[in-house]
Amino acid sequence: MSEIGRAMMKVGVLHAAGDLKLDEAERPSAGPDDIVIKVVAAGICGTDLHFRNRGTRFGTPMPLGHEFAGEVIDVGADVKSYKLGDRVAYNSNNSPADMGRGGECGGFSDYVILRGVDAHPQSLCMIPDSVSYDHAALVEPLSVSEHAINRAEVEPGESVAVFGVGPIGLGIVAGLKARGIDDIIAFDLSPLRRERALAMGARLALDPRHYPVAETLSRERGMGKVWGVDLPKTDVYFEVSGGRGVLADIMAMANKRSRVIVVAMQPEPLTFDVSRLMSKETSLIGASGYPSEFPEVMAKLADGSLDAEAMITHRLPFSDFLNAFEVANDANCAAKVVITF
Ligand SMILES: [Zn+2]
């Protein structure tokens, strides 16, 4: 064992709802089948905030953080899939390690260990030279956005409305733009997030309290009659806000053959008129996680077709970890907060 085995490190650990701490832990060293990654950048996810604010079903204490990128600094003698110095991003949905979601490690740590990596090399994705660690840490949320777009099967020329432009909604705007979809209208209560949506390619980004949604979409895109009722024209609706009543409103205003993609957790069960879903031929589609999108998104960042820099509102040092959660928790002042190490 090398001297690093006994060195100490900091780990962001959830002890109970509202009780997040930077703990000391022993720095891991790789066994024959393991690798150790020095974390360089880690994003704070809505899920992390949810765990911090409401607690977790995984049990505590629980290390947090699943959106991270870093360098391989310790490689077990039998490992074939990665080598010293590799730049890697953690592909959370394709790893059994469950980092930051009940697993042994979390990305808000100076170092993480990935055990038995050759049995599941897709747990990591190599970072091309042209992608920074900060941007590599965004591949996880961007993959959630990309999967939602894939589920929606959006085509160039279609019109889109995005409700809620936190990091996932912003990723949807950027991902649509990268595919040549130009008619994107975003709605959000936060002025900062609306400004970021415009920067990432939305044609309009509006406060729904001042621009009622159905009226605004009708004015911008015209109306189509369905069974004698005038409804705004919009091909695809992304519900990323989780706001009370938003999905019900979308289902009511959806036009003939509109697709409605639900990407956000919903605050309550929804009752809606299923006969209208039938008569309007509305497609109501769920999207969760990213079974296959992670490497695609990394490639799009590498070739420049996807630009997500505007999603990052703050880069804060790991020493400022607890404050970073307070910043990220305020939708009015933050979108994606990236911790740097
Ligand atoms: Zn995430």
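**Reading helix 3 and its partners**

Me: How many residues does helix 3 have, and what span does it reach from first C-alpha to last?

Reply: Helix 3 (residues 139-152) has 14 residues and reaches 19 Å from first C-alpha to last, close to the 20 Å expected at 1.5 Å a residue. The expected span is 1.5 Å times one less than the number of residues. Helices here are DSSP runs (H or I, at least four residues), strands likewise (E, at least two), numbered from the N terminus. The model is predicted: local features need pLDDT of at least 70, side-chain atom pairs count only at pLDDT 80 or more, and totals for chains, interfaces and linings use all residues. Residue numbers start from 1 along each chain as its sequence is written.

Me: What follows helix 3?

Reply: Glutamate 153, with a positive phi near 50°.

Me: How do helix 3 and helix 4 cross?

Reply: The axes of helix 3 and helix 4 (residues 167-178) come within 8 Å and cross at roughly 60°. Angles under 35 degrees are roughly parallel, over 145 roughly antiparallel, 65 to 115 roughly perpendicular, the rest oblique. Helix 3 and helix 4 are therefore oblique.

Me: Which residues of helix 3 and helix 4 meet?

Reply: Contact means C-beta atoms, placed from the backbone, within 7 Å. Pro141, Leu142, Val144, Ser145, Glu146, Ala148 and Ile149 of helix 3 meet Pro167, Ile168, Gly171, Ile172, Gly175 and Leu176 of helix 4. By class, this contact has nine nonpolar, three polar and one charged residues. Nonpolar covers Ala, Val, Leu, Ile, Met, Phe, Trp, Tyr, Cys and Pro; charged covers Asp, Glu, Lys and Arg; the others, Gly among them, are polar.

Me: At what angle do helix 3 and helix 9 cross?

Reply: Roughly 110°, with the axes of helix 3 and helix 9 (residues 294-302) coming within 9 Å. That makes helix 3 roughly perpendicular to helix 9. Val139, Leu142, Ser143 and Glu146 of helix 3 touch Phe294, Glu296, Val297, Met298 and Leu301 of helix 9. Those residues divide into six nonpolar, one polar and two charged.

Me: Is glycine 228 buried or exposed?

Reply: Exposed, because glycine 228 has 5 C-beta neighbours inside 10 Å. Glycine 228 lies in the loop between strand 12 (223-226) and strand 13 (229-232).

Definitions and conventions: Axes are lines fitted to C-alpha atoms, for helices over the stretch in contact, and angles run from 0 to 180 degrees between N-to-C directions. Two residues are in contact if their C-beta atoms, placed from the backbone, lie within 7 Å. A residue is buried if 20 or more other C-beta atoms lie within 10 Å of its own, exposed if 12 or fewer, and partly exposed in between; C-beta atoms are placed from the backbone.
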